[in-house]
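This report describes the fold of one protein chain and then turns to selected residues. The sequence and the structure are shown first.

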Amino acid sequence: RLGKRLEEVLLPEEHAHFIRRWSLLRFKLQRVSTYLSLLNFDTALYYARSLRHDSAAIRSALGGAAHVGVHSYLGCVHDEQPSVLGFLVYAFAGVSLLIMSYLAARALLAARRKPDFNKK
């Protein structure tokens, strides 16, 4: 997006350090997810707290790239423009729910108004 790749901005040893820290950060996030799914909260908390050191190291490694004009930007890669098809799907679902609820209420009221001939 900025026209520069990370390899162009960082020195080779800084880039290698960044890649190592990034891989370690991803590994620790996987461990946190694994231990949380196993309900092992103490170990998950240990890995989650140790993520602070890796994120600080990544931040300091990228801080050196600020002299080139690189600034951090947080955004979703998969942001899509709203489509007409998505709107039509939600509109059709809403209309069909309204029709089904109307028919169910009408059937209940008709069953309530029908005289009961089985009385003795």
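## Overall composition

Of the 120 residues in the protein chain of this predicted model, 14% count as buried. The chain exposes about 10800 Å², and carbon and sulfur atoms supply 62% of that area.

The secondary structure consists of 4 helices and 0 strands, which gives the pattern α-α-α-α when the chain is read along its sequence. Among contacts with a separation of 6 or more, 60% are made by residues 24 or more positions apart.

## Helix 3 and its cover

Helix 3 spans residues 41-63 and has 23 residues. From its first C-alpha to its last it reaches 33 Å, close to the 33 Å expected at 1.5 Å a residue.

The buried residues of helix 3 are A44, Y47, S50, L51, D54, A57, I58 and A61. Helix 2 (12-37) is included in what covers these residues.

## D54

One of the buried residues of helix 3 is the aspartate D54. D54 counts as buried because its relative accessibility is 1%, and the cut-off for a buried residue is under 20%.

Which residues are in contact with D54, leaving aside its neighbours within four places in sequence? They are R21, L24, L25 and K28.

## The loop between helix 2 and helix 3

L39 is found in the loop that lies between helix 2 and helix 3. Most residues other than glycine have a negative phi. L39, although not a glycine, has a positive phi of about 60°.

Is L39 buried or exposed? L39 has a relative accessible area of 60%, so it is classed as exposed, the cut-off being over 50%.

## A nonpolar surface patch

V95, I99, Y102 and L103 form a nonpolar patch on the surface. Together these residues have about 400 Å² of accessible area.

I99, one of the members of the patch, lies in helix 4, which covers residues 84-113. With a relative accessible area of 47%, I99 is partly exposed. That value is not under 20% and not over 50%, so I99 is classed as neither buried nor exposed.

Conventions. Residues numbered from 1 in each chain as written. Predicted model: local features only at pLDDT ≥ 70, side-chain atom pairs only at ≥ 80, totals over all residues. Heavy atoms only, no water. Patch = residues over 30% accessible without salt bridge, like charges linked within 9 Å, V, L, I, M, F, W, Y side chains within 5 Å. Areas by Shrake-Rupley, 256 points an atom, 1.4 Å probe, with all protein chains shown as cover. Salt bridge = Lys/Arg side-chain N within 4 Å of Asp/Glu carboxyl O. Helix = DSSP H or I, 4+ residues; strand = E, 2+ residues; numbered from the N terminus. Buried < 20%, exposed > 50% of the residue type's maximum accessible area, 1.4 Å probe, protein only. Expected span 1.5 Å × (residues − 1). Contact = heavy atoms within 4.5 Å.
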